[in-house]
Amino acid sequence: MGIDDLDRRLISAFTQDPHIGVLGASRVLGVARGNVQARLDRLQGRGVISSFAPHVDPAALGYPVMAFATLEIRQDHGHERVVRHLEQIPEVLEAHTITGSGDIWIRLVGRDNADLQRVIDDVVAGGSVIRTSTVISLATRLAHRTAPLVDAAVP
């Protein structure tokens with residue numbers, strides 16, 4: 001199920017100004033406050049809008065080193081066991097099951113390279129990871145980029 005023009009404009013309004021609120025959005029979009037709230041509820045219910053939480057910059061919190069690691073896991077342990085272990089490591093920000101030569105892809109951060117090594121050691125310490133392949137991010141070129149996707153969504 002796609003989104004219509006009002007949904008696009010509503011998402012755009014909250015993307016451009018997360019503090020806009022329902023009343024502010026209704027004024028900007030020229031629609032009733034109840035309509036804005038109903039649309040937001042529907043978009044959240046469908047999972048189109050997954051959060052109104054702030055985007056936190058790990059570097060600003062003291063974790064300037066970001067890396068991506070591909071994990072090869074013991075197949076007899078399964079993905080869920082590994083993910084439960086990864087959830088216990090605060091520096092692991094994302095985990096995705098993938099196709100290809102690895103099984104799980106993670107995004108992780110560290111305070112410096114030595115700290116990143118500690119985080120990788122914690123990842124492997126769960127006993128289910130056979131091997132990791134890690135690359136360090138030198139610079140973020142696109143981040144949290146969803147606006148073009150919303151604009152391109154087919155109704």
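Tutor: In α5, the buried residues are D115, L116, V119, I120 and V123. Because they cover an arc of only 145° around the axis, they lie on the same side of α5. The model is predicted. The helix has 12 residues, and from its first C-alpha to its last it reaches 17 Å, close to the 16 Å expected at 1.5 Å a residue.

At the N-terminal end, α5 is capped by D112, with a side-chain oxygen 3.2 Å from the backbone nitrogen of A114.

The buried residues of α5 pack against β1, α4, β2 (92-97), β3 and β4 (129-136). V123 can be followed individually: leaving aside neighbours within four places in sequence, V123 contacts L71, H85, L86, I89, V92, I106 and V129.

V123 also belongs to the largest nonpolar core, which has 17 residues. The members that touch the most other members are L71, V82, L86, I104, I106, L108 and V123. Two or more residues of this core come from each of β1 (65-73), α4 (78-86), β3 (104-110) and α5 (113-124). The largest share, 5 residues, is given by β1. Another core, of 14 residues, lies apart from this one and includes L10, A25, V36 and V150.

Now the charged side chains of the helix. D122 and R118 meet in a salt bridge, at 3.1 Å from N to O. The two residues are 4 apart in helix α5, so about one helical turn separates them. D122 has a relative accessible area of 29% and is therefore partly exposed. R118 is likewise partly exposed, at 33%.

R131 in strand β4 and E72 in strand β1 are 59 residues apart, and their side chains meet at 3.5 Å, N to O. R131 counts as partly exposed because its relative accessibility is 49%, and E72 is also partly exposed, at 25%.

R107 has a relative accessibility of 19%, so it counts as buried. Its side chain makes a polar contact of 2.7 Å with that of E94. Not counting residues up to four places away in sequence, R107 touches M66, A67, F68, E91, V92, L93 and E94.

Key. Residues are numbered from 1 along each chain as its sequence is written. This is a predicted model: local features need pLDDT of at least 70, side-chain atom pairs count only at pLDDT 80 or more; totals for chains, interfaces and linings use all residues. Side-chain values use heavy atoms; hydrogens and water are left out. A nonpolar core is a set of buried Ala, Val, Leu, Ile, Met, Phe, Trp, Tyr and Cys residues joined through side-chain atoms within 4.5 Å. Buried means under 20% relative accessible area, exposed over 50%, partly exposed in between (1.4 Å probe, protein chains only). Contact means heavy atoms within 4.5 Å. A polar contact is a pair of N or O atoms within 3.5 Å; within protein, one must be able to donate a hydrogen and the other to accept it, and residues adjacent in sequence count only if both atoms are side-chain atoms. The expected span of a helix is 1.5 Å times one less than its number of residues. The arc is that of the directions from the helix axis to the C-beta atoms. A salt bridge is a side-chain nitrogen of Lys or Arg within 4 Å of a carboxyl oxygen of Asp or Glu.
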